Amino acid sequence: MKQKRQKCLDLPGYFVLSAAIGLNTITFAHAQATDPNTAVAERGHYLAIAADCAACHTAPSSNKPFAGGYGIASPLGSIYSTNITPSKKYGIGNYTEKEFAHALREGIRRDGAHLYPAMPYTSYTKLTDDDVHALYVYFMTSVKPVESRPQKTELPFPYNIRASMAIWNALFLDDTRFKLDPSKSVEVNRGHYLSYALAHCDTCHTPRNAMMAEKGSSPLAGASLSSWYAPNVTSDPVSGIGGWSNDDLVRYLKTGDVPGKAQAGGPMAEAIEHSFQYLSDADIRAMVAYIKQVPAISDSKDKAPRDSYGKISDRESFYRALPASRIGRGEYLFSGECAACHRPTGQGSPDGYYPQLFHNTALGAPIADNLITTILMGVRREVNGHTTYMPGFGPGSYVDSLSDQDIADISNYVEQRFGNPNVKVTPDDVKLIRSGGPKPLIAQLGAFTVPAMIGAALIFAIAILFFIRLSRKAKA
């Protein structure tokens with residue numbers, strides 16, 4: 001995997017757009033010296049990295065790229081990624097380019113079955129024809145076939161009825177290609193295409209309605225992502241990233257670590273490890289240029305920027321000589337479980353491997369989801385051959401398996417000492433995160449989901465017919 005991705009870093013031209021944004025004319029500096037199909041495949045390789053295909057379609061610790069089997073957590077249950085190698089028996093080897101495009105843009109497999117939107121076809125539908133072609137050439141000519149069947153997705157009833165996705169798509173899928181905004185610069189348009197059509201940032205950072213469809217009125221305003229929370233990344237200086245410099249954002253996307261601000265974990269760490277760190281500097285800066293001008297959306301819960309809370313603790317000298325009975329339970333647990341790496345003062349390790357806890361977005365957020373999830377699941381990301389790792393304290397931990405009460409006590413201590421003192425964590429909060437996070441209405445409805453979707457589709461159809469009839473009467 002590592003050698004395969006590294007090839008892209010050796011391409012000096014990368015992703016060069018024409019004066020009109022040139023989303024269909026990506027050229028490589030050495031393309032004239034290579035076979036045209038090879039150049040297209042190399043371009044498709046870069047696009048596959050930008051689209052983060054490997055992160056979901058390669059099982060953790062697997063040596064079989066794109067063979068599927070990665071369990072994607074969702075409120076409805078785990079959705080396992082498919083084999084997208086050119087295997088004719090288990091993968092996409094029999095797909096025509098038209099069928100490939102159909103799956104990529106509309107979420108419908110070659111056999112007519114619907115994909116779940118855990119595969120972000122709702123974003124890939126924006127891809128240009130040329131980019132779909134380049135991706136197809138890459139997967140069919142440059143990816144090694146893997147003859148293995150990944151684990152099958154088996155959601156509980158009624159979510160296992162894939163045909164119901166036809167109703168969901170009719171209600172919520174915007175099947176249109178990316179359109180240039182003539183009022184924006186070439187760089188911003190390019191960043192918009194990269195961020196939405198390829199990197200599908202919206203699928204995590206845009207809040208969703210009761211039926212798990214994105215709320216187009218609140219783009220990138222933050223959303224629950226199972227146990228994790230993808231924060232607001234609009235240009236709002238308090239709720240979003242408006243106070244971050246361009247260099248801060250570039251560093252975060254490239255490394256996942258901005259001291260004194262944030263460290264990436266969970267799905268964001270995966271995106272950085274498998275995708276963003278390999279993109280050209282020009283493309284990362286284009287994404288930053290786009291994100292920085294996304295209209296600001298504020299949240300009344302936010303009183304100050306997430307990275308502004310906390311300070312160095314001076315408690316160590318106070319409690320070092322005290323018996324455990326004189327120390328609060330959260331502080332006692334922190335001292336035993338966390339202080340060895342993050343230091344009693346919250347400063348982290350001198351080399352920066354273990355981050356400081358104050359001025360840290362995980363502790364400054366108005367909700368503690370990411371703090372709790374980090375304690376439960378830990379953090380792992382590999383950038384430029386360097387692995388950043390924190391063990392989790394959930395079930396099966398090789399350090400300590402902490403209870404809901406333990407994690408609540410530690411969370412409340414670090415929030416009060418280093419983070420947002422307005423945040424209070426209960427054992428029930430930890431239990432909810434441990435169970436997979438908040439459940440949207442569609443997950444709570446259970447057996448009533450399909451009838452509800454059919455009813456919504458009928459109401460939608462009746463409304464359209466009503467307006468058509470009114471329009472005809474007006475013309476008459």
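Tutor: In this predicted model, a helix axis is a line fitted to C-alpha atoms over the stretch in contact, and the angle is taken between N-to-C directions. Helix H8 (residues 186-198) and helix H12 (residues 281-292) pack with their axes 7 Å apart, at an angle of about 95°.

Student: Why are H8 and H12 called roughly perpendicular to each other?

Tutor: Angles of 65 to 115 degrees count as roughly perpendicular. The angle here is about 95°, so H8 and H12 are roughly perpendicular. On the H8 side, the contact is made by Glu187, Val188, Arg190, Gly191, His192, Leu194, Ser195 and Tyr196. H12 supplies Ala282, Asp283, Arg285, Ala286, Met287, Ala289, Tyr290 and Ile291.

Student: How do the residues of the contact of H8 with H12 divide by class?

Tutor: There are nine nonpolar, three polar and four charged residues. Gly191 is part of this contact; Gly counts as polar by definition.

Student: At what angle do helix H4 and helix H6 pack?

Tutor: Helix H4 (residues 97-106) meets helix H6 (residues 129-141) at about 110°, with the axes 10 Å apart. Since the range for roughly perpendicular is 65 to 115 degrees, H4 is roughly perpendicular to H6. Their crossing is right-handed. The contact involves Glu97, Phe100, Ala101, Leu104 and Arg105 of H4, and Asp129, Val132, His133, Leu135, Tyr136 and Phe139 of H6. By class, that contact holds seven nonpolar, one polar and three charged residues.

Student: What makes helix H17 mostly covered?

Tutor: Eight of the nine residues of H17 (residues 369-377) are buried, and a residue is called buried when its relative accessible area is under 20%. The eight are Asp369, Asn370, Leu371, Ile372, Thr373, Thr374, Ile375 and Leu376. Just after H17 comes Gly378, with a positive phi of about 80°.

Student: Which value of phi does Asp52 have?

Tutor: Asp52 is not a glycine, yet its phi is positive, about 60°. Asp52 sits in the loop between helix H2 (36-50) and helix H3 (53-57).

Student: Does Asp52 count as buried or exposed, and what makes it so?

Tutor: The cut-off for buried is under 20%. Asp52 has 12% relative accessibility and therefore counts as buried.

Student: Where is Leu220 placed, and why does Leu220 count as buried?

Tutor: Leu220 is in the loop between helix H9 (202-205) and strand S3 (223-225). Its relative accessibility is 1%, so Leu220 counts as buried. Leu220, a residue other than glycine, also has a positive phi, near 65°.

Student: How do you know that Glu273 counts as buried?

Tutor: Glu273, in helix H11 (residues 266-274), has 10% relative accessibility and therefore counts as buried.

Student: Why is the pairing of the Glu273 side chain with the Arg380 side chain called a polar contact?

Tutor: The distance is 3.4 Å. A polar contact requires a pair of N or O atoms within 3.5 Å, so the distance meets the cut-off. Beyond four places in sequence, Glu273 touches Tyr278, Arg380, Arg381 and Glu382.

Student: Which residues does Asn412 touch, not counting residues up to four places away in sequence?

Tutor: Asn412 touches Val423, Lys424 and Val425. The C-alpha atoms of Asn412 and Val425 are 6.0 Å apart, although 13 residues separate the two along the chain.

Methods: Residues are numbered from 1 along each chain as its sequence is written. This is a predicted model: local features need pLDDT of at least 70, side-chain atom pairs count only at pLDDT 80 or more; totals for chains, interfaces and linings use all residues. Side-chain values use heavy atoms; hydrogens and water are left out. Helices (H or I, at least four residues) and strands (E, at least two) are DSSP runs, numbered from the N terminus. Buried means under 20% relative accessible area, exposed over 50%, partly exposed in between (1.4 Å probe, protein chains only). A polar contact is a pair of N or O atoms within 3.5 Å; within protein, one must be able to donate a hydrogen and the other to accept it, and residues adjacent in sequence count only if both atoms are side-chain atoms. Contact means heavy atoms within 4.5 Å. Axes are lines fitted to C-alpha atoms, for helices over the stretch in contact, and angles run from 0 to 180 degrees between N-to-C directions. Angles under 35 degrees count as roughly parallel, over 145 as roughly antiparallel, 65 to 115 as roughly perpendicular and the rest as oblique. A crossing is left-handed if the near helix is turned anticlockwise from the far one by less than a right angle, and right-handed if clockwise.
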